[in-house]
Amino acid sequence: MFQRLKLYFPLAESYKISQKFGENLLNYKQFGLIAHQGFDIYQTPRFVYSATFNIYAAHDGEVVHIERDPKLGIGITIRTNEQYLADLSNESYFFKTRYWHLQQGGVLVQIGQQVKTGDLIAYADNTGYSTGTHLHWDLKPIKIVGEVDTEEEKLALSDYEFTNVFGDNGYRGAVNPEPYLEKRNNGSYYTALQVKNDLKKVEEEIIKTKSLLEKVVEWFKRMGKL
């Protein structure tokens with residue numbers, strides 16, 4: 001059975017969301033969109049921009065695009081390795097997240113690279129049509145075009161053999177990331193970097209526990225109990 005996609009917020013620093021999905025209808029009509037197709041996020045305070053404006057992978061997956069677009073600037077696309085249930089749907093799809101307006105020379109991954117949630121992938125900047133240094137981040141459900149018989153064939157596909165599921169929805173296939181974002185009890189977004197740090201702490205505790213058990217076993221052996 002397919003699970004629901006879980007996303008984690010792609011920034012770790014203090015931030016503010018200047019635009020969410022579906023906002024500012026008039027601004028995006030000129031681009032053939034109903035409204036804004038993702039999240040625009042900037043670091044706060046805004047004047048403290050530097051190369052430390054880190055962008056993190058919001059989920060596990062494969063880097064399938066690194067490109068420059070006249071409007072969106074420099075961007076990265078990460079595609080999920082598995083299919084997940086779409087929000088308000090019983091259908092399952094692959095998904096891709098896109099990260100735009102990145103820094104020239106600030107892309108830290110390569111096409112074909114597998115990334116984990118919380119991996120540092122890039123630095124944000126102001127490339128393309130942008131009103132200031134920020135990250136544009138959006139989400140698109142996608143599906144394979146045509147029949148694929150084996151898992152090996154699926155892995156061999158290029159991103160151009162995937163198509164947007166909701167390409168005619170007025171957002172060029174983008175959907176609202178909000179329902180997929182994991183939140184804490186206080187309502188704040190659970191960041192991708194925090195996920196990685198939490199997993200690291202768990203791994204460290206497992207190593208400590210394993211070491212302690214090994215010492216206990218060794219002690220019992222010395223005492224002739226084992």
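This is a predicted model: local features need pLDDT of at least 70, side-chain atom pairs count only at pLDDT 80 or more; totals for chains, interfaces and linings use all residues.
In what order do the elements of the protein chain run from the N terminus on? They run β-α-β-β-β-β-β-β-β-β-β-α-β-α.

View 1. Residues are numbered from 1 along each chain as its sequence is written, and side-chain values use heavy atoms, with hydrogens and water left out. Helices (H or I, at least four residues) and strands (E, at least two) are DSSP runs, numbered from the N terminus. The C-alpha atoms fill a box of roughly 80 × 50 × 35 Å along the principal axes.

**View 2. N90 in its loop, between β6 (84–85) and β7 (92–107).** Here N90 is exposed, at 77% relative accessible area; exposed means over 50%, with a 1.4 Å probe and protein chains only. Follow the chain back 88 residues from N90 and you reach F2, yet their C-alpha atoms are 9.4 Å apart in space.

**View 3. The lining of the largest cavity.** A cavity is a set of points on a 1 Å grid over the protein atoms alone where a 1.4 Å probe fits but cannot get out; lining residues have an atom within 4 Å of a point. Its volume is about 70 Å³, taken as the space filled by probe spheres set on points joined across faces, edges and corners. Around the cavity you will find E62, R79, T80, N81, F94, K154, L155 and F162.

How values were computed
Buried means under 20% relative accessible area, exposed over 50%, partly exposed in between (1.4 Å probe, protein chains only). On a 1 Å grid over the protein atoms alone, a cavity is a set of points where a 1.4 Å probe fits but cannot get out, and a pocket is an open set with protein on both sides within 12 Å along at least five of seven lines; lining residues have an atom within 4 Å of a point.
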